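Hello,

Here is the structure we discussed handing over. My notes follow below it.

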Amino acid sequence: MNFSGKRVLVFGTGISGIAAAGLLQKKQADVVLFDGNESLETDRVLANFENADGIHFYKGELPEEVKRHLDLAVLSPGIPVDLPLVCDLRDAGVPIWGEVELAWQCGKGTVLAITGTNGKTTTTSLLGEIMKHACSQVQVVGNIGIPYADVADDMTDQTVTVAEISSFQLETIEDFCPDVCAILNITPDHLNRHHTMENYIAAKMRIAENQRGNQVCVLNYEDEILREMADRIPAKVVWFSSCRSLESGFYLEGNHILYADGKTVEKVIDTEELNILGRHNYENVMAAAAMAVSCGVPLERIRETLRTFQAVEHRIEYVTEKRGVRFYNDSKGTNPDAAIKGIQAMDRPTCLIGGGYDKDSEYTEWINSFDGKVKLLVLIGQTREKIAAQAENCGFTDYVFADSLHEAVDICYQKAEPGDAVLLSPACASWGMFPNYEVRGKMFKEMVHTLEE
């Protein structure tokens, strides 16, 4: 689309919204920036732009005369697609895009996109490192922290873009078409936003809906939903598995990650050579390797990166050891399935900190995964009583409440013995207590480092 002279609404003033407005400004669009938060300070919002000329900012309510003269609306990921304003615009025939769609329309080069309930950040970071060792121009963007729209205007035909894409972002694509994509897994999450599991699955599957037969979609064979949906994907499907051998694809056999191309089988790497823990991370390694191989990266180049890659911050991240107690930060375990992976990675008695914002999740499967490892569960946040009730139903009663993360850390340190672990893996979002999981994880690490020996 030629954006010059088009009147485009950007809904949301977070980093994605600011990036989208800035990109549209470069494309000579007439930008209307809007946020429903009346308390925002106009000067602070407009200070995000080198030149705010041509940016029309509204807050609280969008005037009717503005609504009537829009050519396009671009939503930030945090804006639900069923808000009354969004529905009104859609009914009026205004195209509804997200920041990812806008960036893809403006960008160039090869796009590698990753989604899934869990493992996105690790897989995206790892694939980004692999591609940086193989290509001269690489951008790592999306839900990982750098808005896609921030760098879209700088791309060339030689650029390789590695993008972490959330279900929120996939709701608002139209023509977005990655050359290679991966869906790592689909388990219940964000049902407060998507309302039903069917809607959530449909959002995740959109990553591949515009692909063609000469493109690639990497899928987890051990995910029942993905096995059922695979026939609907128009691209070539490449599988990976952590539980069985495959005739073609990547799979885990003992402590070996192997690659079968249908004719020969080649060892990719031994798991002991990796610096990241757990079967779920071996799945992330296989997904990243499958995507890289699909782009023509030699296995030897992939191995070099796998041997040096370190764990992503806030994902089963070793913090320190004090008084013989090891501390792990898994703040990115923001749903029960992700938090199960954190428990599975522990090899010692564990004091677990859980709880936070309620995303309408159920915690029974998480509690049942404790499997004798969790000696104490310290619960914080909005969900603490809900989790406690479900723990009681599962027969787990070794839990206490804490009023803050600081208190939870202190309780764990008092109860832990030498040889134990303290794990922050909340199974919940951070909202209500912290702005995001990164702040929660950083505060946890700061608190741990101040504990007296």
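**Surface and overall build**

The protein exposes about 19,000 Å², and carbon and sulfur atoms supply 45% of that area. Please keep in mind that this is a predicted model.

Of the 453 residues, 57% count as buried. The radius of gyration is 23 Å, which agrees with the value near 22 Å that a compact globule of 453 residues would have. Taken along the principal axes, the C-alpha atoms fill a box of roughly 65 × 60 × 35 Å.

The secondary structure comes to 18 helices and 20 strands. Among contacts with a separation of 6 or more, 65% are accounted for by residues 24 or more positions apart.

On charges, there are 42 positive and 67 negative side chains. The centres of these two sets lie 3 Å apart.

**Helix 1**

Helix 1 covers residues 15–26, which makes 12 residues. From the first C-alpha to the last, helix 1 reaches 17 Å, close to the 16 Å expected at 1.5 Å a residue. Helix 1 is mostly covered, with 9 of its 12 residues buried. The buried residues are Ser-16, Gly-17, Ile-18, Ala-19, Ala-20, Ala-21, Gly-22, Leu-23 and Leu-24. After helix 1 comes Gln-28, which has a positive phi, near 60 degrees.

Thr-123 sits in helix 6, residues 120–134. Its relative accessibility is 0%, and buried means under 20%, so Thr-123 counts as buried. Leaving out residues up to four places away in sequence, Thr-123 touches Ile-114, Leu-184, Asn-284, Ala-287 and Ala-288.

Phe-444 belongs to helix 18, residues 437–450. With a relative accessible area of 0%, Phe-444 is buried as well. What does Phe-444 touch, not counting residues up to four places away in sequence? The list is Val-319, Phe-327, Tyr-328, Asn-329, Ile-353, Leu-405, Val-409, Val-422 and Leu-424.

Regards

Key: Residues numbered from 1 in each chain as written. Predicted model: local features only at pLDDT ≥ 70, side-chain atom pairs only at ≥ 80, totals over all residues. Heavy atoms only, no water. Helix = DSSP H or I, 4+ residues; strand = E, 2+ residues; numbered from the N terminus. Rg over C-alpha atoms; globule rule 2.2 N^0.38 Å. Buried < 20%, exposed > 50% of the residue type's maximum accessible area, 1.4 Å probe, protein only. Contact = heavy atoms within 4.5 Å. Areas by Shrake-Rupley, 256 points an atom, 1.4 Å probe, with all protein chains shown as cover. Lys, Arg positive; Asp, Glu negative; His and termini not counted. Charge placed at Lys NZ, Arg CZ, Asp CG, Glu CD. Expected span 1.5 Å × (residues − 1).
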